[in-house]
Amino acid sequence: MCNCLGATQGQIKQMDVTTERESAPENIISDAMANPSPAKSMGYPGITPLSPSHIQQNDTDPNAHTGPSFVVVVAIDFGTTSSGYAYAFTNEPECIHTMRRWEGGDPGVSNQKTPTTILLTPDRKFHSFGYAARDFYHDLDSTESKQWLYLEKFKMKLHTTANLSIDTELHAANGRRVKAIDIFAYALAFFKEQALKELSDQAGAEFDNSVIRWVITVPAIWKMPAKQFMREAAYKGGLVPRDNPEQLIIALEPEAASIYCRKLRLHQMVDFGTKTTQNGFSPTESVGTGMTQAKEHVRSKRQSRTFLVENVIGELWSELEEGDRYVVVDCGGGTVDLTVHQIRLPEGHLKELYKASGGPYGSIGIDYEFEKLLCKIFGPDFIDQFKIKRPAAWVDLMIAFESRKRAAAPDRTNPLNINLPFSFIDYYKKFRGHSVEHALRKSNVDFVKWSSQGMLRMNPDAMNALFKPTIDHIIQHLTDLFEKPEVCNIKFLFLVGGFAESPLLQQAVQNMLQGRSRIIIPHDVGLTILKGAVLFGLDPSVIKVRRSPLTYGVGVLNRYVEGKHPPEKMLVKDGTRWCTDVFDTFIACDQSVALGETVKRSYTPAKPSQQIIVIHIYCSEKEAVSFISEPGVRKCGTLRLDVTGTESTAARREIQTHMQFGDTEIRAMAVDVATSRSVKASIDFLSQ
């Protein structure tokens, strides 16, 4: 196999995979550079920067998301803390059905979705998911529970693992390790089973999976390995067959929210930017009032589980004019995702103005702060041991904290009581030799007291302090975003995701914006992404222009130019001087790219008998990259061309490759130029 490698042993091998026909005398360069391109003057070699007037004639990629005509779209919102599914039939796209009500649930917490928790038997077989997993695990005695594998909040591992691979492992509550791909595959298989069961019940006969288009949501800030990991898990879980990849679409969470917000009617949202009474409350009332009334409104409408959306654009959207800009802030359990969109009328298509940004600032950060508080009071050694020795009781404690966390508000004056499990109190006494009450008295934490009913009593300031680090991160990120030149004159800021229900977060965003943009919060805000993902599955071409999150390219050899190229990069072969490690840019960071836009390159096998061509792909967060050896440039994937079965009598075979960067995933197609036969092309970001 041939490789484009770095500056050591692979330098001669860089000659093996050339990137253009030898008719170009000065350099071995890419196809896109062989002809004059308006991109050159813009500093983007290889692809023309797009503006609305320069989008390709075909607005929709003819090859994108083709396949059988789907009868129904089922979207899975796979969240850090909670998950669920929704669906719509293609002949009734305005009717979005949310999943059946889940068994179980917590007081004061909506069970429209189910916790992202999974339970495996002691021999690592799937047992249950969601409330069923949590409740079963809770009912196991402490000795038995140590043998079972219980996992929660595991989605964040895909974001935080630097070298994510198929072999990446997760830790269960009992400390045992399990392959992450198995856990994600089990979870997706569970949702497939639930959705098919519901669809079959509606149809009165077994529903055929092949007529379903599946959509899985992921954070927009996820890198390509994490997106590919979800796709691999879907294949392993039997959601879709590997030979029909178009049956599955990866949706970006803030994009899905943006698509749904286009359909909003005035009674389906809370608008904090109006001067008059809206939706039954005045914006001068306390921040939490509107959301409280909205929740009551939603609860009263929940019996049907069917949401009707506008078949064109909603009333809010009618206020937008061509070119208006808005921001979507998706505040979830694990991450906060921000995207900036511009409206294109009359169809209401969307254009991304600034690459997706955000970070690990989700609501689980508040859980970590609570754990740090417990460590301060009871000692980190005890908390670590308690989590291992009494894993089910630790889960109980965090459930109790979750319900009280949701009661935190800026104007709250009465304390919040958190139940301590009996096993916590009992185990602490055995571990330390004195009581929990004694520990609280001796600690320097004045704002947490012991209640005679066996509860921790936190005053509101103590609870609010747990929110502060996470909210500060979000506000700082928003502040930085609004200073970007592309992010000016923002008409609306849509606050979505489960964490968006927090009055503390709502108030912080209001204070930060100071009236510069209207803040819109959809009713049933935790389902916004789910419903938007269904709409995206029905029309994946609605986002017409995206921004590349990174600069992508390959390492090539160019003719050596004295004074331009560094001497240490010079390589002499057959009497010709070459410059090694040159970064051939496919697409630059934050560059606009249209849906269906392709980057074209040509490659040649080193020998006529060669069956596989492998080219390393490099990426960087910098816009301008000259060499693959520069700081910040890393190998991130491989382009694999399988030319088996396309043998040619041509002396020098040319394999023309088309790569698409305008979709939610990077895709590749290839053809043997001499024979016009299709070549199997794939991009792998996981085998690094």
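This is a predicted model: local features need pLDDT of at least 70, side-chain atom pairs count only at pLDDT 80 or more; totals for chains, interfaces and linings use all residues.
**Note on packing in the model**

1. Leu 493 touches Val 327, Val 329, Leu 478, Phe 482, Val 509, Leu 513, Ser 517, Arg 518, Ile 519 and Ile 520, residues up to four places away in sequence being left out of the list. This residue belongs to strand E20, which covers residues 490-496. Its relative accessibility is 0%, and Leu 493 therefore counts as buried, the cut-off being under 20%.

2. The overall composition comes next. The protein has 688 residues, of which 58% count as buried. Its secondary structure consists of 17 helices and 32 strands. When contacts between residues at least 6 apart in sequence are considered, 71% of them join residues at least 24 apart.

3. Which residues have the most contacts inside the largest nonpolar core? They are Phe 184, Phe 370, Phe 378 and Leu 493, in a core of 148 residues. Helix H6 (residues 180-203) supplies the largest share of this core, namely eleven residues. There is also a second, separate core; it has 32 residues, including Tyr 552, Val 582, Ala 668 and Val 679. As a general background for the student, nonpolar side chains in soluble globular proteins tend to be buried together.

4. Beyond residues up to four places away in sequence, Asp 324 touches Glu 319, His 341, Gln 342, Ile 343 and Lys 491.

5. Helix H8 (residues 253-261) is mostly covered, with nine of its nine residues buried. Those residues are Glu 253, Pro 254, Glu 255, Ala 256, Ala 257, Ser 258, Ile 259, Tyr 260 and Cys 261.

6. The remaining points concern pairs of helices. In general, two packed helices are described by the angle between their axes and the distance between the axes. For helix H10 (residues 364-378) and helix H15 (residues 460-482), the angle is about 135 degrees and the axes are 8 Å apart. H10 is therefore oblique to H15. The two helices make a right-handed crossing. On the H10 side, Gly 365, Ile 366, Glu 369, Phe 370 and Leu 373 meet Leu 466, Phe 467, Pro 469 and Thr 470 of H15. Sorted by class, the contact of H10 with H15 contains six nonpolar, two polar and one charged residues. Phe 370, one of the H10 residues in this contact, is also named among those with the most contacts inside the largest nonpolar core.

7. Helix H11 (residues 380-389) and helix H13 (residues 422-432) have axes that come within 11 Å and cross at roughly 125 degrees. Consequently, H11 and H13 are oblique to each other. H11 passes H13 in a right-handed crossing. The H11 residues Asp 381, Phe 382, Ile 383, Gln 385, Phe 386 and Lys 389 meet Ser 423, Phe 424, Tyr 427, Tyr 428, Phe 431 and Arg 432 in H13. By class, this contact has seven nonpolar, two polar and three charged residues.

8. How is the crossing of H3 and H12 handed, left or right? Helix H3 (residues 131-139) packs with helix H12 (residues 391-405) at an angle of about 125 degrees, the axes being 8 Å apart. H3 is therefore oblique to H12. Their crossing is left-handed. Arg 134, Tyr 137 and His 138 of H3 make the contact together with Pro 391, Ala 392, Val 395, Asp 396 and Ile 399 of H12. The residues of this contact divide into five nonpolar, one polar and two charged.

Technical notes
Residues are numbered from 1 along each chain as its sequence is written. Side-chain values use heavy atoms; hydrogens and water are left out. A nonpolar core is a set of buried Ala, Val, Leu, Ile, Met, Phe, Trp, Tyr and Cys residues joined through side-chain atoms within 4.5 Å. Buried means under 20% relative accessible area, exposed over 50%, partly exposed in between (1.4 Å probe, protein chains only). Helices (H or I, at least four residues) and strands (E, at least two) are DSSP runs, numbered from the N terminus. Axes are lines fitted to C-alpha atoms, for helices over the stretch in contact, and angles run from 0 to 180 degrees between N-to-C directions. Angles under 35 degrees count as roughly parallel, over 145 as roughly antiparallel, 65 to 115 as roughly perpendicular and the rest as oblique. A crossing is left-handed if the near helix is turned anticlockwise from the far one by less than a right angle, and right-handed if clockwise. Contact means heavy atoms within 4.5 Å. Ala, Val, Leu, Ile, Met, Phe, Trp, Tyr, Cys and Pro count as nonpolar, Asp, Glu, Lys and Arg as charged, and the others, Gly among them, as polar.
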